[in-house]
Amino acid sequence: MANTTSLAKIGDIQVFKLPLIEDPRGRLLAIQPGPQLPFNIGRVFVVQANAGIIRGNHAHKRCNQYLVCMTGAVEVVCDDGDEKTSFLLDGPSQALWIPPGIWATQTYRHDDSELIVLCDLPFDEGDYLRDYTSFKAYRRAA
């Protein structure tokens, strides 16, 4: 299960291979808590955007996020305040788990790219760090 007692580092981010079933009728993807999802689902939302759009640009204090790109491609840059790394999500057979305390920015690489985000907590504006300077101060204080 997700560890939310200390601030995450870049090395805590995980990529999961998802069981995508494809046949002549289409594709089926099922996600449930367990080995492929390290937390219980409290909220799900979908973001659809065109090439070049940048979303995210924030961190969470307590919320875990699990990103799956259903169509198109989305580059996700993760930053723990000391180190950055980039992930390319370009299909539903992989998911990216971003634990709390990681600054994340998503850049949509194709028109009509669609990102599904599963979270362990409902929306709470107080959980967001939306200013990078505040994010760095938060990490230093922890």
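Predicted model: local features only at pLDDT ≥ 70, side-chain atom pairs only at ≥ 80, totals over all residues.

Trainee: Which residues touch the most other members of the largest nonpolar core?

Mentor: Nonpolar side chains tend to be buried together in soluble globular proteins. The largest nonpolar core here has 21 residues. Elements giving two or more residues to this core are β4 (43-49), β6 (65-71), β7 (74-79), β8 (84-89), β9 (94-98), β10 (103-108) and β11 (113-119). The members that touch the most others are V76, C78, L96, I98 and L115.

Trainee: Which residues is I98 in contact with, leaving aside neighbours within four places in sequence?

Mentor: I98 is among the residues that touch the most other members of the largest core. Two of its contacts, V76 and C78, are also on that list of most-touching members.

Trainee: How many disulfides does the model have?

Mentor: A disulfide needs two cysteine sulfur atoms within 2.5 Å. For C69, the closest cysteine sulfur is that of C78, and at 14 Å it is too far for a bond. C78 is in no disulfide either, since the nearest cysteine sulfur, in C63, is 14 Å away. The count is 0.

Trainee: Are C69 and C78 buried or exposed?

Mentor: A residue counts as buried under 20% relative accessible area. C69 has a relative accessible area of 0%, and C78 is at 0% as well. Because of these values, C69 is buried and C78 is buried.

Trainee: Which element supplies the largest share of the lining of the largest pocket?

Mentor: The largest pocket holds about 210 Å³ of space and is lined by 14 residues. Those that lie nearest its centre are F45, R55, G56, H58 and Q106. At least two lining residues come from each of β4, β5 (54-60), β6, β10 and β11. The largest share, 4 residues, comes from β5.

Trainee: What classes of residue make up the lining of the largest pocket?

Mentor: Glycine counts as polar in this sorting, so G56, one of the residues nearest the centre, goes with the polar group. The lining divides into 7 nonpolar, 5 polar and 2 charged residues.

Trainee: How many cavities of 30 Å³ or more are there, and which residues line the largest cavity?

Mentor: Rolling a probe the size of a water molecule over the atoms shows where empty space is left. The count is 1 cavity of 30 Å³ or more, and the largest has a volume of about 30 Å³. Its lining has 6 nonpolar, 3 polar and no charged residues, with the largest share, 3 residues, coming from β5. The lining residues are H58, A59, H60, C63, Q65, I98, P99, I102 and A104.

Trainee: Is D127 buried or exposed?

Mentor: D127 lies in the loop between β11 and β12 (128-129). Not counting residues up to four places away in sequence, D127 touches A59, H60, K61, R62 and C63. Its relative accessible area is 3%, and the cut-off for the buried class is under 20%. D127 is therefore buried.

Trainee: What is the phi of N57, and what is the phi of D112?

Mentor: Most residues other than glycine have a negative phi. N57, in strand β5, and D112, in the loop between β10 and β11, both have positive values. N57 is partly exposed at 35% relative accessible area, and D112 is partly exposed at 46%. Phi is near 55° for N57 and about 60° for D112.

Trainee: Which residues is P122 in contact with, leaving aside its neighbours within four places in sequence?

Mentor: P122 is in the loop between β11 and β12. At 57% relative accessibility it counts as exposed, because the exposed class is over 50%. Its contacts, with those neighbours left aside, are G42 and R43.

Conventions:
Residues numbered from 1 in each chain as written. Heavy atoms only, no water. Core = buried A, V, L, I, M, F, W, Y, C linked by side-chain atoms within 4.5 Å. Buried < 20%, exposed > 50% of the residue type's maximum accessible area, 1.4 Å probe, protein only. Contact = heavy atoms within 4.5 Å. 1 Å grid on protein atoms, 1.4 Å probe; cavity = no way out; pocket = protein on both sides within 12 Å on 5 of 7 lines; lining within 4 Å. Points joined across faces, edges and corners; volume = space filled by probe spheres on them.
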